[in-house]
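This briefing is meant to be read beside the sequence and the structure.

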Amino acid sequence: MKKIIIAFVLSVLVLQGHAQIWPAITQTAKPWTRWWWMGSAVDEKNISSQLSTYQKAGFGGVEVVPIYGAKGHESKYIPYLSPQWMKMLDHTVKQSTGLGMGVYISVGTGWPIGGPQVTTEDAATRLVIQQYTVKAGEPLKDKVLINDARQKDVAKLTALMAYGKDEKLDITDKVQADGTLNWTPAAGEWKLFAAFSSKTKQAVKRAAPGGEGYTLDHFSKASLTNYFKKWDTAFGNTARGVKAFYNDSYEVYNADWTPAFFDEFKRRRGYDLRYFLREMASTVASEEVARVKSDYRQTMSDLMLENFSKTFTKYAHDKKTKSLNQAHGSPGNLLDLYAAFDIPETETFGSSYFPIPGLRRDSADVRNVDPDPNMLKFASSAAHAMGNKLTSSETFTWLTEHFKTSWAQCKPEVEQVFLSGVNHVFYHGTTYSPDYVQWPGWLFYASVNFVPNNSLWPHLQGLNNYIARCQSVLQSGEPDNEIMAYWPVYDAWHNAKGTDMPLKVHDIDHWLHPTPFYKNLVQLQERGYSMDFVSDKMLSEASVTNGIVKVSKNGAAHKVLLVSKCKMMPVATLQNIIRLANAGAIIVLEEMPADVPGLDHYEQQRASLAALIATLNFQQKGKDLSEVVVGKGKIILSKDVMKALEYAGVKREVLVDSGLKFIRRSVNGGKYYYLVNHTPNTINANLPIQFAANSVVIMDPQSGDAGMAAFTKKGNTTDVRLQIKPGEALNLKATTAKPATTPKWKYLETLHLPFNLEGKWQLSFKEGGPSLPAARTLQQLQNWTDLTDDTATQNFSGTGVYTTTFNLPAKRADEYLLQLGKVNESARVTINGKEVGILWSIPYETRIGKYLKTGQNTITIEVANLMANRIRYMDRMGMEWRKYHEINFVNIDYKSFDASKWKVQPSGLEGPVTISPFIANPKGSAKK
């Protein structure tokens, strides 16, 4: 008995030690989902049951967004922010809290922000400039009224400027109420430019009942303040338990003005924009036009930051909650706009290509859009700069066509998000659907459908657990990117084309990709450097302690500031760069800035910039590299950025040469490494990390397993033995502490011949529809969609169960690896009555030694397929299931959805299913 007790205690201690290896899985570590309330036709019963279902699947919270409703259910619609609507929100918060979940809420219905409380005065505004010609002695025949008939009821003349040969006149006060101009030039021909403050008249897209109305003027503080008055009535003085107020991406079209713009511009830029209406209207590229428009865009950015972003966050804080915002698409400096919120949120849209063998990517089922992970870094960089712990992402928007997305396809896409610094993932998304609505239930028009009616839902916990483990690591400690990279927004703003410049995700080919900044970013990442972006405003707030640069007191630490080649730089920015060097920072300059932005006194500013540069007495330190010592720090000048970083002592992560991607987090006494293999090759090697470790633990986020790695410390680096197959990821925890009693990681090295599980398989079906195919015995393993003698197999979406037995004469190997081969699309494995786990992604394999026994073994593989075949069947049969107001339901190309002509999607288990015996290499040396 004493031995049994000791063994039990030891086993508990081992389990506790194993559990403590992983950071705690908190509410925010789990994935959250956007929760669309269609027509807000919700009730307490279904809210409770659905939240419970989400919690059991591994969700940490929901983000409530009311939208348009389903046809035929209008009587159940609840007006937005009405007492009944607030009652449903309160119930949601109460139930979520009881389940250990959280609730965020959109500050409007649909998007962008707006609604019935937005008056015409507070609505999104645009500048319309009309041109006239008038000659000496001749009155203007036309009345100075806006030409657009749709704007006559809202447009207001704000300026009328007359341009002669060498003269500009403000003749606004010469215009009578009816538009008649009481002014005639004495000589010459004059060009008149009339500026009208008009309205976009854009309505909220996908609005819910009670949320319809105009889109808000984002550049007016009064507009946002007035908008929230209705919220004050509904919410009172608190957030009612809501953990964050959320604002969706800026998709406000042609909103390039606000009524107070002329006065704001003059106060901020130092001159009167009225006298440059000709330049604002010009389509001819000129230096003066570009400078005027740069000033105009900077003013737009200032107003967006101060009047919307900061006001929004203050409102959230007054309600004792957090602010969350998607800044992308805004006409402003994205870094500053993201930084004004507690949780910056980015967005993925479309599908990326990954050369992972076997990863399905049908060109007909994906949009012609490749998400750029570097676009995501604007949000994470802002969070890192301000010391905010979370960066969120609206993830998987239109990853594939409806009903064709597997969890395996989600994995590399979300890994790319993690590698960009995101650590708080939101699915796009989940639709509330009451229990009285038949399959497939209510669905949002844009995929992916993370809904309980999805035939893959029973296996969603596999993806959710993976994300939770990854985010538990990525929310730990502090970001560890050694380079702070200056983003030269003035180079983008110095452009004579157009007026406002929304920095959209879909326009990065124009404003981001062509820049030296982006070129350096990509090349440095490929060489193993990591970085955050920094704005001019952030540099003005940055400080240096012991050579480390931070934007804010609690912000991320950086070893070097990198300034890529840029044309335009304000004098104040270069002054701040020199100030940081004086305080001990290391600065790497690719080239000196050539010019200053803006129009006001730019010749004087240009001279000041040149004088400042002249104070830097660079000394040659080698070919194409020079240096100047400035105070406690130094500035390195080189067109070879990587050479300059090496000279500055910034070490790259050499492990990227193997094809691995990484992101690091700094924790007390160590570092976390998150490593991903998106290559087509298996990596089996000793690879160095830039950390002198006394302990390295391998943590497998796919399975949750962990063990002490084989490693060798070499000075300031550590060689770690890694085995990572295509599509896999690993976490490393490297610390200076002495090695713990963690069990050793098993490296699978000496391979014995695998054996296939051949012979007969029993196939049955446990859940799904429209009807369950008949059970049968298979003479060989195959997809159930290959069984064409039963039409039910062609139409079925759900779970099929494959079962067989096999004999294991003796357990002589240290470990056994189960490999399922081709799976369509996800599998839950049980061996000898014990659940092994969900194999939901490539390479569809897992270690099973502890589940096997000598003699006869039984293996059960539950395979879940896509929703596609059942939807195909319903459309072929003419069943009506998509009945929604507004956009209704569209395909990936935004055309009417029709699955009737789809091919049957392969479903089931193709195999071959193999078990491979391995001898674990106790020394962990790399295979030669």
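**Rings, charges and confidence**

K168 lies over the face of F276, at a distance of 4.0 Å from the ring centre. A second contact of this kind involves R870, whose charged end sits over the ring of W439, 3.9 Å from its centre. The structure is a predicted model, and the protein averages a pLDDT of 95, with 97% of the residues scoring at least 70.

**Aromatic pairs**

- Across the whole structure, a search finds 60 aromatic pairs, and two of them are described here.
- The ring centres of F444 and Y445 are 4.6 Å apart and the ring planes stand at 45°, an angle that falls between 30 and 60 degrees, so the pair is tilted.
- F444 is buried, its relative accessible area being 2%, and Y445 likewise counts as buried, at 4% relative accessibility.
- For Y884 and F889 the ring centres lie 6.5 Å apart and the planes meet at 35°, so this pair, too, is tilted.
- Y884 counts as buried at 2% relative accessibility, and F889 is buried with a relative accessible area of 3%.

- Where pLDDT is low, the predicted coordinates should not be read in detail.

**Salt bridges**

- Side chains of opposite charge can pair when their charged atoms come close.
- In the whole structure, a search finds 44 salt bridges, among them the pairs that follow.
- K314 and D318 meet through their side chains in a salt bridge, with 3.0 Å from N to O; both residues lie in helix 7 (residues 287–318), four residues apart, which is about one turn of the helix.
- K314 is exposed, with a relative accessible area of 53%, whereas D318, at 41% relative accessibility, counts as partly exposed.
- E749 forms a salt bridge with R721, and the closest N and O atoms of this pair are 2.4 Å apart.
- R828 and E835 bring their side chains together in a salt bridge of 2.9 Å, N to O; R828 counts as buried at 16% relative accessibility, while E835 is partly exposed, with a relative accessible area of 44%.

**A salt-bridge network around E264**

- E264, R267, R268, R269, D302 and E306 are linked in a network of salt bridges.
- Within this group, E264 is found in helix 5 (residues 261–269) and counts as buried, at 17% relative accessibility, because the cut-off for buried is under 20%.
- Setting aside residues up to four places away in sequence, E264 touches T299 and L303.

**Helix 10**

- At 1.5 Å a residue, the 13 residues of helix 10 (residues 407–419) should span 18 Å, and the end C-alpha atoms are 19 Å apart, which agrees.
- G421 follows helix 10 and has a positive phi, near 105°.

**T914 in strand 45**

- T914 has its place in strand 45 (residues 914–920), and at 10% relative accessibility T914 counts as buried.
- T914 and L817 are 97 residues apart along the chain, yet their C-alpha atoms are separated by 8.0 Å.
- When neighbours within four places in sequence are left aside, T914 is in contact with P754, F755 and N756, and also with L817, L818 and Q819.

Technical notes:
Residues numbered from 1 in each chain as written. Predicted model: local features only at pLDDT ≥ 70, side-chain atom pairs only at ≥ 80, totals over all residues. Heavy atoms only, no water. Phe/Tyr/Trp six-rings, centres within 6.5 Å; stacked < 30°, edge-to-face > 60°. Buried < 20%, exposed > 50% of the residue type's maximum accessible area, 1.4 Å probe, protein only. Lys NZ or Arg CZ within 6 Å of the ring centre and 35° of its normal. pLDDT = per-residue confidence, 0-100. Helix = DSSP H or I, 4+ residues; strand = E, 2+ residues; numbered from the N terminus. Contact = heavy atoms within 4.5 Å. Salt bridge = Lys/Arg side-chain N within 4 Å of Asp/Glu carboxyl O. Expected span 1.5 Å × (residues − 1).
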